Amino acid sequence: MYTVFSTFDVPNEKADEVINIYKNRSRSVDKADGFVDFLLLQNDKRAGELTVQLLFDSKDAYLKWVRSEEFKKIHDLEKKYPDQELAAVIPTVKQYKVVAK
């Protein structure tokens, strides 16, 4: 298993807007080979700190997703989001091999 965390900060007053975007996401990653799970996490003390967690069955499956046209299409849409403050947010990405469960 392989998991990826993308953490980003948005203004606290925009956190609900971003959460709603993810609740209504395209779900195209869900159809990717090797995809296992998606979670959106919100920091309990800092509402504007959000983390996307993706879980794949392998690093190769994740890399295949990242190199896909669908991935590029989704991330191009993010750059064109009307709220330029949100469109400019750059996440911190960390990748992990799952070594125990």
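The largest pocket is lined by 33 residues, among which Y22, V52, I74, H75 and E78 lie nearest its centre. A pocket here is an open set of points on a 1 Å grid over the protein atoms alone, where a 1.4 Å probe fits and protein lies on both sides within 12 Å along at least five of seven lines; lining residues have an atom within 4 Å of a point. The volume of the largest pocket is about 1100 Å³, taken as the space filled by probe spheres set on the points, with grid points joined across faces, edges and corners. This is a predicted model, in which local features need pLDDT of at least 70 and side-chain atom pairs count only at pLDDT 80 or more, while totals for chains, interfaces and linings use all residues. Residues are numbered from 1 along each chain as its sequence is written, and side-chain values use heavy atoms, with hydrogens and water left out.

Two or more residues of this lining come from each of β1, α1 (15–23), β3 (49–56), α2, α3 (69–79), α4 (84–87) and β4 (92–97). Helices (H or I, at least four residues) and strands (E, at least two) are DSSP runs, numbered from the N terminus. Helix α3 gives the most, with six residues. By residue class, the lining divides into 23 nonpolar, six polar and four charged residues; Ala, Val, Leu, Ile, Met, Phe, Trp, Tyr, Cys and Pro count as nonpolar, Asp, Glu, Lys and Arg as charged, and the others, Gly among them, as polar.

Strand β1 also contains S6. At 19% relative accessibility, S6 counts as buried (buried means under 20% relative accessible area, exposed over 50%, partly exposed in between, with a 1.4 Å probe and protein chains only). Leaving aside neighbours within four places in sequence, S6 is in contact (heavy atoms within 4.5 Å) with L50, T51, V52, P91, T92 and V93.

The structure also holds seven aromatic pairs. One of them is the tilted pair of Y2 and Y62, at 5.9 Å centre to centre and 40 degrees between the planes. Rings of Phe, Tyr and Trp (its six-membered ring) pair if their centres lie within 6.5 Å; planes under 30 degrees apart count as stacked, over 60 as edge-to-face and the rest as tilted. This pair links distant parts of the chain, with Y2 in strand β1 (residues 2–9) and Y62 in helix α2 (residues 59–66), 60 residues apart. Y2 is buried at 7% relative accessibility, and Y62 is buried at 8%. Ring pairs link Y2, F35, F56 and Y62 into a cluster.
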